Amino acid sequence: MERQDLSKTMHQVSDIEQIEHVILQHVLEQSPNSNLLSSLANQLGQLFAVEACLVIATHFDLSSINQVNYWESKPGLVSEKVIKQLSGLALAHFSNHSALVDQSSEMSPLLADLLQESLHHKTWLGITTRFQHQTNGLVLLLKSQSSSWTQTEQELLIKTSDLMAIAISQEQLQQQSQTKTRYQTLLKNLSREISQGYQPQVLFESCLTEICQALQVSRGLVLMLKYQNPLRAKERHQNSVQGTAKIVSLWQPEGNHHLSQPELSFNLQDSDFCQQAWQNAPQCLKFNTEAIFPDFATDQLSSDGSALLMMPLMGRKTSETDSSLVLGFILLQHQNPHYWSQDELDLVDWVGVQVSTALIHHQTLNQVQLLVDERTAQLKSSIDMQAKLSAKMRQHIVQLQQLNQLKDDFMNSMSHELKTPLTSMKMAIKMLRQAQIPPEMREKYLDILEQEWHREYNLIKDLLALQQLESGELDFKPQELNLQHTIQKLTQSFAAKWQEQRDITLVHTIAEPDLKIDTDADSLEQVLNELLANAGKYSDSHTTIELAVSRQLHKDQEQIAIAIANRGTGILPEELPHIFDKFRRGQGVTDRAVPGTGLGLTLVQYLVEHLQGTIEVTSEPLEDDATTFLTTFVLRLPQIQLSIS
């Protein structure tokens, strides 16, 4: 028997040495991915031949949620929920004892129920671990059979407690180092992201990813608030605030990190947590356990969590006495109970301040941009107005110049057209007053008086006709005309005046015999008379004026085209756009004593418009004689269908 105890003791000593070797090896390697406490729980369970072994680690102040590592001989013997409930009760109870605690020790009824009824374990043995005179964990051995613990087992557990205290401390230092590394990475990454000046949505997603991964939470959200009365929303002495909260960014570790929830919004009055967080601002709102969010019914977001942290995003203060507006919240959730350490709170507070500053900066830039856009629009409008005024002024200047030119043309024409006939009439009257004047001379001077009277009469008639056309008082009386008869009548009148005086011949061609047109007869005859008179004035002697009439189809509408061409003094290219202006005559016509008032072509244009037609003019030099031009006027008139009454 003694040999068996000795062998067992030697085996246990060897196991302790192995446990010590594992702990020291872990300390030397400091592998961040190794799970030392779970490995030790496995070795202790096999060493003491128990069904389950729990290794619970806690902070020195005993206020944090404990880290639980456990081993089972068979899977499913102990549920995770019961183990987590057991960890807090057992550590709080066992830490009050200085040595081993077993089933014979006095303990709380709740702990006894968990150990005996829920776990169905009849025998247990536990000991707290102490490092640097502070409790930092608990080792708990569980058996399902009723038995007593041997003195050797108790001494062995006491010996292993010092090693386990070192292991727990090393694990905590390892976790603190990893946490510090994650925090430093978070600060560096967020500082870089915020300095880029991204849009708020991009910033929310980046910050939420970084902080959720650094703190290893189960879910993270960014809520932005919209108040019914933003001014009253600063008065946080109220019991509640009215408005809506919108989830603008959501993060969770499984699947896609960012789930788009553009339509997920809720009333602030539906969430007690949001109301509390708003009243508690600028301080954060935190719960270590039993805080499920969302705390209202919704199908769009699952209710989850146990630990909750809501950090407010604060707006700009307009004065020292003014309260800041709560812009929104960064909300972090742990699925299980979690003690929010001061380091975590400080980290989240730093992130909240930086995100708030970025939001304020973005809002300020938007306001500045809106102001710049408004001022730019006003300046552009002012410049456009000045440009319009300048254009209007230039237009007025051009109009004044045109009026001055018109006035000069009018004075020149009137001076010539009035002074010349009056001079001729004065001379004829003077000659007629002579007593001894032959009859043939008397007849000649009477003819001069009659011609100059007709000249003055035609001038007055043209002025009155122009006034009538401009005022729209001229009636349009269409009738059917035989163009053959009309052209022959004009040819006879033309031959009497131009063929005898300057040997100018008029040749006309009509494409179809008995070609008819429905139009205003008086207006058409006046237009043709003016065009033929104009052609006669500017034709060289011994030339031919050509008049051609044809039927044309333009845009499914029949038209009559009348072209009148003459050879002689042409029209300069710069004069072509102005030949229909009132009192506008070509250069040098007055010097060449070409009769006219400058109203003939103006009347033609008005009359053509009155007939609902168009007129075009070209003037090109002849190929064999650059000083002689072929000038052609083309008149196009619609074939109006007369109604039959």
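Guide: Helices (H or I, at least four residues) and strands (E, at least two) are DSSP runs, numbered from the N terminus. On that basis the protein chain has 12 helices and 18 strands. Mind that this is a predicted model, where local features need pLDDT of at least 70, side-chain atom pairs count only at pLDDT 80 or more, and totals for chains, interfaces and linings use all residues. Residues are numbered from 1 along each chain as its sequence is written, and side-chain values use heavy atoms, with hydrogens and water left out.

Visitor: What makes α10 roughly parallel to α11?

Guide: Two packed helices are described by the angle between their axes and the distance between the axes. Here the axes of α10 (residues 483-502) and α11 (residues 521-537) cross at roughly 30° and come within 11 Å. Axes are lines fitted to C-alpha atoms, for helices over the stretch in contact, and angles run from 0 to 180 degrees between N-to-C directions. Angles under 35 degrees count as roughly parallel, over 145 as roughly antiparallel, 65 to 115 as roughly perpendicular and the rest as oblique, so α10 is roughly parallel to α11.

Visitor: Which residues in α10 and α11 meet?

Guide: Contact means heavy atoms within 4.5 Å. Among the residues that meet are Leu490, Phe494 and Trp498 in α10 and Leu528, Leu532 and Ala533 in α11. By class, the contact has 9 nonpolar, 3 polar and 4 charged residues. Nonpolar takes in Ala, Val, Leu, Ile, Met, Phe, Trp, Tyr, Cys and Pro; charged takes in Asp, Glu, Lys and Arg; the others, Gly among them, are polar.

Visitor: Why is Gln216 called exposed?

Guide: Its relative accessible area is 52%, and the scale is: buried under 20%, exposed over 50%, partly exposed in between (1.4 Å probe, protein chains only). Gln216 is over the exposed cut-off, so it is called exposed. Gln612, at 53%, is exposed too.

Visitor: What is the phi of Gln216, and of Gln612?

Guide: Most residues other than glycine have a negative phi, and most peptide bonds are trans. Gln216, in the loop between α6 and β6, has a positive phi of about 55°. Gln612, in the loop between α12 and β17, has phi near 65°.

Visitor: And which peptide bonds are cis?

Guide: Two to look at: Ala281 to Pro282 is cis, with omega about 10°, and Phe293 to Pro294 is cis, with omega near 0°. Pro282 sits in the loop between α7 and β9, while Pro294 lies in the loop between β9 and β10.
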